[in-house]
Structure formats: C-alpha cells, structure tokens
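Subject: Structure handover

Hi,

Here is the structure I promised to pass on. Please have a look at it first, and my notes follow below.

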Amino acid sequence: MNQAEVIAKLQTIFDNLFLEPVVLTPAISAKDVPEWDSLTHISLMVAVEKSFGVRFRVGEVENTKNIGEFADLILKRQLEP
Amino acid sequence: MDFSELKTLLLNGDPRFWEHLLALTRQAAAFDELLFLSSLRKKAHARKMSPPVAAPIKTRLALVGGYSLYPLHELLEHFCEIQSTPIELWLGDYDNYISEVMDDDSELYAFKPQVVFMLPAERRCVYTGKLTDPRELVQAEAQRTVDSLLELARKVNEKTGAEITTTNFMLPARHDLGAFRSRTLGSDWAFRQWVNLELGLAAPAYLHICDWAFIANRLGGLAARDERAWFESKQPCSSALLVELAREVAHLILSFKRAPKKVLVLDLDNTLWGGVVADDGLEGIELGDTSPRGEAFKAFQKYIASLKQRGVLLAVCSKNDFAKAAEPFEKHPDMVLKMEDIVSFKANWEPKSENIRAMAPELNLGLDSFVFVDDNPAEIEIVRQFVPAVTTILLGPDPSEYVGQLADSRLFEPRNITAEDAERTSQYRSDAQRKALESSVTDMGAYLESLQMEAGISEFTPVDVPRLSQLINKSNQFNLTTRRRSEAEVTAVMHDPNFIGYSVRLKDRFGDHGLISIVIGEKAGDTMKIDTWLMSCRVLKRGVEEIVLNELVRLAKWKNCQSLLGTYLPTPKNEMVRDFYGKMGFTLTNESEEKKEFELRLKIFQPIPAKIKIVRHAYESS
C-alpha cells in the first residue's frame, strides 16, 4: 500500500461517517471540514484502527498535521507485525 | 437497513429515520457505531426533523467526575433519548467534581439538576501507606475514602434533592502483586473491594450506586481499561466499557421512572421442562438430575423460585389440557415450582394473549407489569401484537441459557431501599441472631438438628424409574453390592411381589438433595436378603443410614421375615462400606475373598434414633 491507496481507503471511511461529502487530499485537515468535530474525530479514529488493523501509539495521532501525514502514520503502523 | 441507508433517510428528511435509528441503536454494540448513530440523531435535530412521537420532558442531568466526561455524555444522551427518557445535560469540568459539589455557588447548583451522576477518580481510591501496614490503619483510610464520597452525596442531596448516583471503583486487571494482592488490604485490589462494599452498604436511600466494578468485571478486566485513552484524553476506561457504562446509567435513569415488573407468566412445555407433557407423559418429560437438559430445566425453575422469593408473582399460561398441565406440578418429584407458587394457572386452548389479558383484573395489576416467557416465537408474537403492554421474552434454543436470559432481561431488579424493606429489618435481625446461634454449634447432634432434615421414603414408582436406574448405575462408593439395573430391570423389581424396593429423598434448610439412597430387598422364606443398598456420599453420616435400616426392618417385619441378610461384595471403589453392616449391629456370618455376609435378627433390633423427620414411609399411601 502507498499513501494514495491509504487515502482512497480513508475516503470510504469518511464517506460513511460524514453527511456532507468530503474530498480527501493529502493537505486537508480537521479545520477544513466543519463536520469534523472532536466527536466525529473519535469515531473516525476507532473506525480507522479497526479497518486498517492498526493500533496507534500514545499521542502520535495528534502530531499529524494533515491527511497526508496521517496516511503515512497508518502505513508505518501497518508495517509492524 | 444499514448505516448508509439510514443516512439516506436523514438526507431525504424521511420520518422513518427515527424508527430505524431506534432499531439500529438496539443492535449496535460498537462504540464508533453508536457515536455515529448519535451524530446522525443530532444532525436530524439540527435539520428540524422531529420524531413522530412528541418527546417527553427532558430530565436535567448533571455529570461530574474525575475524568473527561466526553464522549461518555454523548452515548448517555443518545441512549436516554432512544429509551424515551431524554436528558438535558450539564457537564462538569475534568476532575473538578469536588469543588463543583462543595461550592454553594457553583454552576452545578445553578443548573438545578434532577439527577446528579458522579464518577469519582479511581486514583484517589488507593492506599498510600505500606502494604504491610496493620489492617486497622488501612481500614481507617478506606473508611475515609467512603466517608468523603458519602459527604459529597449528602451535600448534593441537601442542595438539590436530586437523585444521586455514584460509580464505585473498577478493580485492577494486571498481575502486579501476584497472590499477595488478596493477603493485604493495602493492595488496590483489596482496598477498592473494601471501599466498594462499604460504600454500597452505607449509602443512604437518596444515593444510588452504579456498580462499575461489576460492569467492568462482566466485560473483562483487561478489555475494560485503555491506558492510552487515559493519557491522551483522560478517559475513564476503554471505549467498550464506556458504552456499557452509558447503558447502565441510562438503565438507572429509566428505573427512576419505571416500576419494576410484578408478574412473570410462564409457558410450560420446553420452558419449565423439556418435552411436551401431553405427548411424553409425566415420566417422559425432561426434568431433574437424570439428564443434563433435565438439570438445566430444574435450574431454571430454581431461579424462578428465587424470583418468587423476591416478591415476583408467578403465573402459568400454556396451550394444554388443564389436567395434563397440572400433573407435573402435583406429581413430578423434580418440580421445584408447585401449584401453590402459581397465582394464576391458565392451561387451555384460548389464545395466550387473551389468557394474559384476563389475568390483569384477576390480580388487580396493569398489563404493563406483566412479563411473558415462552420458547415458541409464534406465541411471543401473538402476545406482542394483541397485548403490547406486556413485555415478552423469547427463550433461546438452549435451556442452559434460560437463567442467564431472564437474569439479563433486567426486568425484576429490586429498587434501592423501600419503606417495606426498612420494616423488615427487625425481622431480619432476629433471623441473624438465630443463625449466629446455629453457626456456634459444635456438637454433632445439635448440628444435625439445626439442619432441619426431612426425608421422604417411597416405594419405587414409575415416575422415579429413570432416577433409580441412574443412581443404581453410577453409585460406586457407598454401594454394598454394586448390582447394576436398567430401567426395565428396575421396573421388573417394582412389580415383583417377592421384592421390596424403596428410595429416600432428603432435604434440609439449605436445599433439596433429591433422591439419595436406594434399597432393594428380596424375600427368601423368612429371610429378607439385601440385594442392593446404596447411598449418595454427599449425605454420609447425617443419619440417613440409620433411617434406611429402620425402614428396612419395618418392611421385613411387614413381609413376615425373621432376619435380614446383608452382603458386602468388594470392588475397587467400595472399601468405605466394608464394615458397614458390622457397625450397624449386624453379625458377621461368612467371610471370603469374594464376599462378606452378615445377619441381623429382627427380634433383637431396636430402631436407631436419627435427627431426621420422616414425612412419609414406603408402601404407605401418603
């Protein structure tokens, strides 16, 4: 999997979760999407961990600045056994 | 209906959105699914889509505690709205509950809450001294923890008169101290259990306990915690437990508003026993210790009997011929429930909905206090449709799960403390004094007396045949001859006038032991040969041996015999009864490798006293 493929998969999760369509790009972040509040964020993280089969380490998600960095983090955690 | 279809309903402003939201919420267990459903619900409100039924007035609920209460509040709000007890929330700040409660001018009190829910911080429920400190020291610290919580609750009650609920404390799930954790009160494990117990026992009537320790235990200790969620956002527990916690609080709020159910209406065939009594007959139904299924049905009956003891009224509603349906209640030895336990017994061919409807005026209770239990989906459906006020429980396919299903229905949970309970207290007290007396008993005779044992001695009966045969075939230790017999052979003995056969059932104040001893005697001239004498080892040395012998002598005399002939046939397992006949006053007459024979002259025999009340004898109509 590469970053683009991860973002494509993230897109389907976002499509499920958000009422108004959001088009994901590597540069997009929570502040660009009005519906992306802290509650939606929690659902989103649970859904991502579930569907990618990853577990993020403490504090690392909030260090990602946008969807691109978040996708990279998913890739990094996916490589772990 | 799935989530995307629900979303479409919302986008189209379709009013069917609400019913499907309800259904999906009932099915959903996962945290993220529930949060998603909750966010859809809020978006529907924001779009001014109103639910079909006007919402009841919202209860003002304040949530305070030593944790981030977000997103717990979201789940709580969702569950409460879905169960038609909507809430208006006020959220305390993270770990600010003590000052929110103690400050007379806090926003908490300005909110005028009707319900206050408090989650005290578990990190304050620890013993900070040494593990080896004397117990009194640790106990005093635990008591202070309890007292400070009770003080917070007292303050809230004084200021608001609200219903107050506090969580107790989750127990640790890591090995940490090893087995030592339960050898000291200073470990978190022991300390929190002590605090939880003391808190529950000391809580005044206005304080409810949300039993977090129990909920976490039910889910599983490791699954209940999530350290990452604590460090990242001060969550009290794992998201899975957060869901359960929110459900529990919603359940408590509902229980403030809704009276518990009062009547349990029971189906019979495949509910109270296995099989169909009208087809299989009294002897053919599965009930009691002869089969695993029979045991499961009996256990279900015992659970139902315990509900009756709590004050639940029991009723029967069965599609049956009345006499057939009543027969097990009157004649089956393993029926726990008896006719007198049932306040209304409807066994006929009318629809069950009509039968249940007729019970309401009979018992002078509303239909909404009825719960109907059946294994047949069609019967459940007819009741659901025609008397919707009645709550129904469709039993699953496995009777071993019936008890769990009924217990988890949460329909018969007792209220906190009622005036009635308070009145009963003095009665309990004298009970407790009596029990303390009994537990101090040291001599055996007084102990046996305190057991209040009752024995029923019965000749072999057709309905007992499976039990007799089973015990005859599995009993090894207290078994003088170890002669095995099939059901047909037991039946043959029963009908042969040269044989006597009887069994003993024993119960005491702790419960019913069931059928525990069997004797078969064969008359040969003026001698009664003891073909079989066996007993369950559970009741050894309680006097059963003695009453069995008394009965044997009585029956031998009745059959005009002069003596008893007892035989011991050794096996690898029945060593314990090698000298049994000798101890009972028989004389050894013959001894070899293969057997020992003993004789008892009836003329010289005196009945042996025992601390067992005999409620019936064999071959005497009871």
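A word on naming before the notes: helices (H or I, at least four residues) and strands (E, at least two) are DSSP runs, numbered from the N terminus. Residues are numbered from 1 along each chain as its sequence is written, while chains are lettered from A and ligands numbered from 1 in the order in which they are written. Please keep in mind that this is a predicted model, where local features need pLDDT of at least 70, side-chain atom pairs count only at pLDDT 80 or more, and totals for chains, interfaces and linings use all residues.

**Confidence in chain A**

The average pLDDT (the predictor's confidence in each residue, from 0 to 100) is 90 for chain A, and 99% of its residues score at least 70. Within chain A, helix α3 (residues 67-78) has the highest confidence, with a mean of 94, and helix α2 (residues 38-52) the lowest, at 88.

**Chain B as a whole**

Chain B holds 24 helices and 18 strands. Its C-alpha trace spans about 95 × 65 × 45 Å along the principal axes. Of its 622 residues, 36% count as buried; a residue is buried if 20 or more other C-beta atoms lie within 10 Å of its own, exposed if 12 or fewer, and partly exposed in between, with C-beta atoms placed from the backbone.

The domain bounds, which come from an automatic or database domain assignment, divide chain B into domain 1 (1-54), domain 2 (60-255), domain 3 (267-408) and domain 4 (452-616). Between the C-alpha centres of domain 1 of chain B and domain 3 of chain B there are 37 Å.

Two residues are in contact if their C-beta atoms, placed from the backbone, lie within 7 Å. Among the contacts in chain B with a separation of 6 or more, 69% are between residues 24 or more positions apart.

**Where the chains meet**

On the chain A side, eleven residues are in contact with 16 residues of chain B. The elements of chain A that give two or more residues to this side are α1 (3-17) and α2, and α2(A) gives the most, with six residues. By type, the chain A residues that touch chain B are seven nonpolar, four polar and no charged. Here Ala, Val, Leu, Ile, Met, Phe, Trp, Tyr, Cys and Pro count as nonpolar, Asp, Glu, Lys and Arg as charged, and the others, Gly among them, as polar.

**Cores**

A nonpolar core is a set of buried Ala, Val, Leu, Ile, Met, Phe, Trp, Tyr and Cys residues joined through C-beta atoms within 7 Å. The largest one has 81 residues, and B:Leu242 and B:Ala246 have the most contacts inside it. Helix α12 (residues 239-257) of chain B gives the most to this core, with eight residues. Domain 1 and domain 2 of chain B each supply at least three of the core's residues. Apart from this core lies another, of 46 residues, including B:Ile518 and B:Leu552.

**Helix α7 of chain B**

Helix α7 (residues 135-160) of chain B has 26 residues and reaches 37 Å from its first C-alpha to its last, close to the 38 Å expected at 1.5 Å a residue (that is, 1.5 Å times one less than its number of residues). Its buried residues include B:Val138, B:Leu149 and B:Val156. The buried residues of α7(B) pack against α5 (97-102), β3 (115-119), β4 (163-167), α8 (188-202) and β5 (207-210) of chain B. After α7(B) comes B:Gly161, with a positive phi near 65°.

**Backbone details to check**

Most residues other than glycine have a negative phi, and most peptide bonds are trans. These are the spots I would point out:

- B:Tyr70 and B:Pro71 are joined by a cis peptide bond, with omega about 10°. B:Pro71 lies in the loop between β1 (59-65) and α4 (72-82) of chain B.
- B:Asp95 has a positive phi, near 55°, and lies in the loop between β2 (87-91) and α5 of chain B. B:Asp95 is partly exposed because 16 other C-beta atoms lie within 10 Å.
- B:Asn270 also has a positive phi, near 60°, and lies in the loop between β6 (263-266) and α13 (277-284) of chain B.

Best wishes
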